[in-house]
Amino acid sequence: MVEEPLPAGWKKKEVLIELARGGHGVRARLTSSSGAGCIVEREMPEDDAPEPVTRRVFYPWASVLSVTSLEEPTLSSSRL
């Protein structure tokens with residue numbers, strides 16, 4: 001389980017979040033993270049919309065097994 005903020009260089013990057021329940025992963029763009037969890041932006045289908053709608057979703061660390069960056073982090077922020 002992840003229980004600390006993610007590296008600052010991952011902000012606005014695409015990540016894969018592996019969830020503890022359901023055994024599946026979620027691809028999304030990281031907005032922010034803290035000691036409580038992370039907030040990401042995901043495209044989600046809606047019944048009455050012709051295209052997916054972007055939503056912000058909060059994932060508490062208790063529900064997250066791991067987070068993997070799918071993009072190279074920025075060089076100026078390599079903090080762990």
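Trainee: What makes glutamate 41 count as buried, partly exposed or exposed?

Mentor: Buried means under 20% relative accessible area and exposed means over 50%, with partly exposed in between (1.4 Å probe, protein chains only); glutamate 41 has a relative accessible area of 28%, so the residue is partly exposed. Bear in mind that this is a predicted model, in which local features need pLDDT of at least 70 and side-chain atom pairs count only at pLDDT 80 or more, while totals for chains, interfaces and linings use all residues. Residues are numbered from 1 along each chain as its sequence is written, and side-chain values use heavy atoms, with hydrogens and water left out.

Trainee: Why is the contact between arginine 56 and glutamate 41 called a salt bridge?

Mentor: The term requires a side-chain nitrogen of Lys or Arg within 4 Å of a carboxyl oxygen of Asp or Glu, and the side chains of arginine 56 and glutamate 41 meet at 3.3 Å, N to O. The pair links distant parts of the chain, with arginine 56 in strand β4 and glutamate 41 in strand β3, 15 residues apart. Strands (E, at least two residues) are DSSP runs, numbered from the N terminus. Arginine 56 has a relative accessible area of 56%, and is therefore exposed.

Trainee: How many salt bridges does this rule give?

Mentor: The count comes to 4. Among them is the pair of arginine 27 and glutamate 14, at 3.0 Å from N to O, which joins strand β2 to strand β1 across 13 residues. Arginine 27 has 54% relative accessibility and therefore counts as exposed, whereas glutamate 14, at 23%, counts as partly exposed.

Trainee: What parts of the chain does the salt bridge between glutamate 71 and arginine 29 tie together?

Mentor: These side chains meet at 3.2 Å, N to O. Glutamate 71 lies in the segment after β5 and arginine 29 in strand β2, so the pair ties together parts that are 42 residues apart in sequence. Glutamate 71 counts as partly exposed because its relative accessibility is 29%, and arginine 29 counts as partly exposed at 35%.

Trainee: Which residues have the most contacts inside the largest nonpolar core?

Mentor: They are Ile17, Val40, Tyr59, Val64 and Val67, in a core of 16 residues. Such a core is a set of buried Ala, Val, Leu, Ile, Met, Phe, Trp, Tyr and Cys residues joined through side-chain atoms within 4.5 Å. Two or more residues come from each of β1 (14-19), β2 (25-33), β3 (37-44), β4 (53-60) and β5 (64-69).

Definitions and conventions:
Helices (H or I, at least four residues) and strands (E, at least two) are DSSP runs, numbered from the N terminus.
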